[in-house]
Amino acid sequence: MDKYLITGGTGNIGKYVIEELLEMNKDIRVAVRGITQAEQVFKDKNVELVAFDFLDNTTFDNALEGVEGIFLMRPPNLANPEKDMFPFLQVAKEKGIKKIVFVSLLGVEKNPVVPHRKIESMIKELGINYVFLRPSFFMQNLSSNHREELKERNELFISAGKSKTSFIDTRDIGKAAAITLVEEKYKNQGITLTGKTAIDYYEVAEIMSRVLNRKIEYKNPGLLKFRKERIKRGTPKEFANVMMFLYLMTKLGTAKSITNDLEKIIGTEPTSFERYVMDHKECWI
């Protein structure tokens, strides 16, 4: 049976990759920082857990032994790919890994300075077969990064102007990742993944208001006010800077493009934003 190594297995995408691979009856090894804690998370899942740290090369051999392919996520705290991730990728190459599916970034091919672009380049240079998934803005960011403001303040405190975003559900990304990891026809390509439609945050607020049956207001502050307020509310400065940059790019129109590549891979229409809100409404109640 094929065996696949999953990094970021407890995250917004990795957990759905695992679900899809289990449905395919694949052998799964999940790379985790702490085995004891992970055992509670995966107690009902037929997966193998292995202690792993990108910054500890003594964990690489056990994680990669007998593995066919890798689902790769970049931990947000690792900002220097050449130092933090290249050693692992080198060992993956030495071990004969046949494919890496890496969750990259929308528009990364036009942005040489972001870590995701550097990771893509390293994988290419090593000659490992790859699929680079480049998704649009996650719907699930609203049930994680923006959960508190929606639940406690009934507001979307986001600086995106009137720009549109082709939101994508991470459940769909997870399914696409599992399929492209397993199926041979997906090899050495970058794929842009988006939702079926692009909507602005006024529309986001209107849909959430209707589904949650209470008024949700889109605040739309200026970028600097957004950053200052996020930090005041407890967001670390580094992450507030990242968020500000992402919403600046959204304002410039980089998040509105739509492709049908996701539908081609998963065989169904992308999850609608309204469906996402209906499925996650307990997060904001």
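Predicted model: local features only at pLDDT ≥ 70, side-chain atom pairs only at ≥ 80, totals over all residues.
Two packed helices are described by the angle between their axes and the distance between the axes. Here, helix H9, spanning residues 201–212, meets helix H13, spanning residues 273–280, with axes that come within 10 Å and cross at roughly 40 degrees. H9 is therefore oblique to H13, since angles under 35 degrees would count as roughly parallel and those from 65 to 115 as roughly perpendicular. The crossing of the two helices is right-handed. On the H9 side, the contact is made by Val204, Ile207, Met208, Arg210 and Val211; H13 contributes Phe273, Glu274, Val277 and Met278. Seven of these contact residues are nonpolar and two are charged, with no polar residue in the set.

Charged side chains deserve a look of their own. Side chains of opposite charge can pair when their charged atoms come close, and the structure holds 22 salt bridges. One of the residues in the H9–H13 contact, Arg210, also takes part in such a pair, as its side chain meets that of glutamate 206 at 2.6 Å, N to O. Both residues belong to helix H9 and sit four residues apart, about one turn of the helix. Arginine 210, at 43% relative accessibility, counts as partly exposed, and glutamate 206, at 42%, also counts as partly exposed.

Arginine 171 and aspartate 279 meet through their side chains at 3.0 Å, N to O. Because arginine 171 lies in helix H8 (residues 170–182) and aspartate 279 in helix H13, this pair ties together parts that are 108 residues apart in sequence. Arginine 171 is partly exposed, with a relative accessibility of 23%, and aspartate 279 is partly exposed as well, at 39%.

Lysine 83 counts as exposed because its relative accessibility is 61%, whereas aspartate 84 is buried, with a relative accessible area of 7%.

Note on methods
Residues numbered from 1 in each chain as written. Heavy atoms only, no water. Axes fitted to C-alpha atoms, helices over the stretch in contact; angles between N-to-C directions. Parallel < 35°, antiparallel > 145°, perpendicular 65-115°, else oblique. Left-handed = near helix turned anticlockwise from the far one by under 90°. Contact = heavy atoms within 4.5 Å. Nonpolar A, V, L, I, M, F, W, Y, C, P; charged D, E, K, R; others polar. Salt bridge = Lys/Arg side-chain N within 4 Å of Asp/Glu carboxyl O. Buried < 20%, exposed > 50% of the residue type's maximum accessible area, 1.4 Å probe, protein only.
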